[in-house]
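Hi,

Here is the structure I said I would pass on. Have a look first, and my notes follow below.

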Amino acid sequence: MRKYFFVIFLICSGLCTAQQTYRTEAAEIIFDASTPLEDIYAVNEKVNMVLSENGDMASLLLVKEFNFKKKLMQEHFNENYIESDKYPKAYFVGKIASFDPEQITEDPKPFELSGDLTMHGVTRPITTTVTLNRDGDSIVVETAFVVRTEDHKIKVPRLLFKKIAQEIQVQVTARLNRS
């Protein structure tokens with residue numbers, strides 16, 4: 001619960017008023033839980049993200065904002081799997097290693113991103129590569145990683161094991177503007 005308030009504080013305060021920050025309320029997260037038997041794909045384009053000049057990064061999303069092609073699939077996702085009424089938000093708090101805003105150019109550059117991902121009431125550490133580049137005054141952020149359903153206590157009925165991937169592919173894209 002304490003981390004949740006920290007994330008809200010980071011997003012609302014811009015991480016720290018003395019630091020230069022970059023932020024957006026329109027980052028995009030795509031997840032793919034497809035298997036050969038079922039195409040399960042969803043997009044959330046209303047993700048809040050903030051990045052400070054020292055490399056601190058935070059992101060917050062409303063789980064119900066994920067949109068599926070099939071409304072029944074979206075309903076099952078929210079009610080049966082992610083339980084979005086009980087766990088309405090997911091968030092990430094982390095740090096980009098060796099981050100220096102002056103190193104960010106128009107050419108994409110990889111950095112290591114480490115932090116804690118909280119969803120479905122479970123917080124797990126995550127480390128991945130994030131690619132950053134400048135586009136005018138904005139910083140473009142791209143990353144991809146895997147989330148295992150069992151790591152976040154998301155229960156998939158045995159009957160559906162072959163239809164829903166146990167390792168969810170997640171892609172994040174954001175255009176962060178100076179604030």
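To start with the surface: the protein chain exposes about 10100 Å², and carbon and sulfur atoms supply 52% of that. Bear in mind that this is a predicted model.

On the overall layout, the chain has two helices and nine strands. Going along the sequence, they come in the order α-β-β-β-β-α-β-β-β-β-β. Of the 179 residues, 46% are buried. If you take the contacts between residues at least 6 apart in sequence, 60% of them join residues at least 24 apart.

As a rule, nonpolar side chains in soluble globular proteins tend to be buried together. Here the largest nonpolar core has 44 residues, and the members that touch the most others are Phe31, Ile96, Leu132 and Val141. Strand S9 (residues 167–178) gives this core its largest share, five residues.

Just after H2, Glu83 has a positive phi of about 50 degrees.

Then there is Thr128, which lies in strand S7 (residues 122–135). Is Thr128 buried or exposed? Its relative accessibility is 14%, and buried means under 20%, so Thr128 counts as buried. The Thr128 side chain reaches the backbone oxygen of Ala144 at 2.9 Å.

Finally, the charged pairs. The structure holds eight salt bridges, and I picked out these:

- Asp151 and Arg124 form a salt bridge, with the closest N and O atoms 3.6 Å apart. This pair links distant parts of the chain, 27 residues apart: Asp151 is in the loop between strand S8 (138–148) and S9, while Arg124 is in strand S7. Asp151 is partly exposed at a relative accessible area of 23%, and Arg124 is partly exposed at 35%.
- Asp135 pairs with Arg175 in a salt bridge, and here the closest N and O atoms are 2.4 Å apart. Asp135 lies in strand S7 and Arg175 in strand S9, so the pair ties together parts that are 40 residues apart in sequence. Asp135 is partly exposed, with a relative accessible area of 39%, and Arg175 is partly exposed, also with 39%.
- Arg148 and Glu167 meet through their side chains in a salt bridge at 3.0 Å, N to O. With Arg148 in strand S8 and Glu167 in strand S9, the pair ties together parts 19 residues apart in sequence. Arg148 counts as partly exposed at 29% relative accessibility, and Glu167 is partly exposed at 41% relative accessible area.

One more thing on that last pair: Arg148, Glu150 and Glu167 are linked in a network of salt bridges.

Cheers

How values were computed
Residues numbered from 1 in each chain as written. Predicted model: local features only at pLDDT ≥ 70, side-chain atom pairs only at ≥ 80, totals over all residues. Heavy atoms only, no water. Helix = DSSP H or I, 4+ residues; strand = E, 2+ residues; numbered from the N terminus. Buried < 20%, exposed > 50% of the residue type's maximum accessible area, 1.4 Å probe, protein only. Polar contact = N/O pair within 3.5 Å; in protein donor to acceptor, adjacent residues only side chain to side chain. Contact = heavy atoms within 4.5 Å. Areas by Shrake-Rupley, 256 points an atom, 1.4 Å probe, with all protein chains shown as cover. Core = buried A, V, L, I, M, F, W, Y, C linked by side-chain atoms within 4.5 Å. Salt bridge = Lys/Arg side-chain N within 4 Å of Asp/Glu carboxyl O.
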